[in-house]
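Morning, everyone. I'd like to walk you through some helix packing. Here is the model.

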Amino acid sequence: MTATATPPQTHARTRLAFRVVAFAEAVSWAGLLIGMFFKWVLETTELGVKIFGPIHGGIFVAYVVMCLVAWRTFGWSFKVAIAALASAVPPFLTVAFEVWADRRGLLGAAARR
């Protein structure tokens with residue numbers, strides 16, 4: 001093992017953390033969108049936005065951090081890292097990115113792509 005290689009257990013932990021945060025980001029998007037529906041369409045309450053706004057914001061930041069950690073851990077190309085970060089903007093795309101990355105082995109052993 002070289003001095004710059006990451007241990008296999010780091011890969012497993014990073015993979016699991018990335019997958020959990022990607023899913024949580026999508027779920028928080030759902031909560032925020034439902035809250036926005038009640039606030040702006042039904043015009044009944046702002047409670048959903050008040051609750052899910054900060055939750056989604058915090059999970060969004062965690063997802064950005066996990067993208068940077070995964071980029072370094074798995075040796076993603078700059079293009080893949082940008083795609084991972086951009087997937088946090090449209091609702092639910094983090095899950096699609098996670099599935100895509102996992103199927104291509106980008107959440108496994110570090111590989112320069």
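Start with helix α3, where V80, A81 and A84 are buried. Buried means under 20% relative accessible area, exposed over 50%, with partly exposed in between (1.4 Å probe, protein chains only). Helices here are DSSP runs of H or I, at least four residues, numbered from the N terminus. Down the axis of α3, the buried residues fall within an arc of 100 degrees, so they line one face of the helix. That arc is taken over the directions from the helix axis to the C-beta atoms. On the other side of α3, F78 and K79 are exposed.

A word on the source: this is a predicted model, where local features need pLDDT of at least 70, side-chain atom pairs count only at pLDDT 80 or more, and totals for chains, interfaces and linings use all residues. Residues are numbered from 1 along each chain as its sequence is written, and side-chain values use heavy atoms, leaving out hydrogens and water.

What covers the buried residues of α3? The cover includes α2 and α4. Contact means heavy atoms within 4.5 Å.

Take α2, residues 47-74. Its axis lies 9 Å from that of α3, residues 78-86, at an angle of about 165 degrees. Axes are lines fitted to C-alpha atoms, for helices over the stretch in contact, and angles run from 0 to 180 degrees between N-to-C directions. The pair is therefore roughly antiparallel, a term for angles over 145 degrees. From α2 come Y63, V64, C67 and W71; they meet F78, A81, A84 and L85 of α3.

Methods. Helices (H or I, at least four residues) and strands (E, at least two) are DSSP runs, numbered from the N terminus. Angles under 35 degrees count as roughly parallel, over 145 as roughly antiparallel, 65 to 115 as roughly perpendicular and the rest as oblique.
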